[in-house]
Amino acid sequence: MSRADNVLRPILRIDFPPEDRLGRGKIMLLELIRETGSISAAGRAMDMSYRRAWLLVDALNRMFKEPAVESQRGGKQGGGAALTAFGEALIDRFRAMEARSRAAIADDLAWLEAARFCEATRAEEAPPRR
């Protein structure tokens, strides 16, 4: 485990009652759709089926007044998907909220890190055996 994998990090998730959620998984899916131009390719990159990826996109599009993703049916180009202006703004806003959340609790995270027992950290700090 690398040192970066061993760092405390808060995870932001917004609950939309009664049952919708917005979190890093849906935002990552949007980012991958932006990169690949495809719901299918974005799903594969996240090791999920096309159906699962499509259901998440559908949920995102139903959560808001505007869609985050527009898809195009197949044809010569084979279809595809693109983020709307709202989808782009959603990514930007969510990533900014994550950054502000981390900054707001940085001192508390440092305190927790200093107080935490972690075998990997202890092994790095232990003097070499003779």
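**Exercise 1.** Work out how exposed serine 40 is, and what its side chain joins.

*Solution.* Start with the place: serine 40 sits in helix H2. Helices here are DSSP runs of H or I with at least four residues, strands are runs of E with at least two, and both are numbered from the N terminus. Next, take the relative accessible area, which is 23% for serine 40. Now compare with the cut-offs: buried means under 20%, exposed over 50%, and partly exposed in between (1.4 Å probe, protein chains only). So serine 40 is partly exposed. Finally, the side chains of serine 40 and arginine 44 are joined by a polar contact of 2.7 Å. (That term means a pair of N or O atoms within 3.5 Å; within protein, one must be able to donate a hydrogen and the other to accept it, and residues adjacent in sequence count only if both atoms are side-chain atoms.)

A quick word on the model: it is predicted, so local features need pLDDT of at least 70 and side-chain atom pairs count only at pLDDT 80 or more, while totals for chains, interfaces and linings use all residues. Residues are numbered from 1 along each chain as its sequence is written, and side-chain values use heavy atoms, with hydrogens and water left out.

**Exercise 2.** Describe how helices H1 and H4 pack.

*Solution.* First the angle: H1 (residues 24-36) and H4 (residues 85-104) pack at about 135°, with axes 10 Å apart. That makes H1 oblique to H4 (under 35 degrees is roughly parallel, over 145 roughly antiparallel, 65 to 115 roughly perpendicular, and the rest oblique). Then check who takes part: the contact (heavy atoms within 4.5 Å) includes Ile27 and Arg34 of H1 and Phe94 and Glu98 of H4.

Conventions: Axes fitted to C-alpha atoms, helices over the stretch in contact; angles between N-to-C directions.
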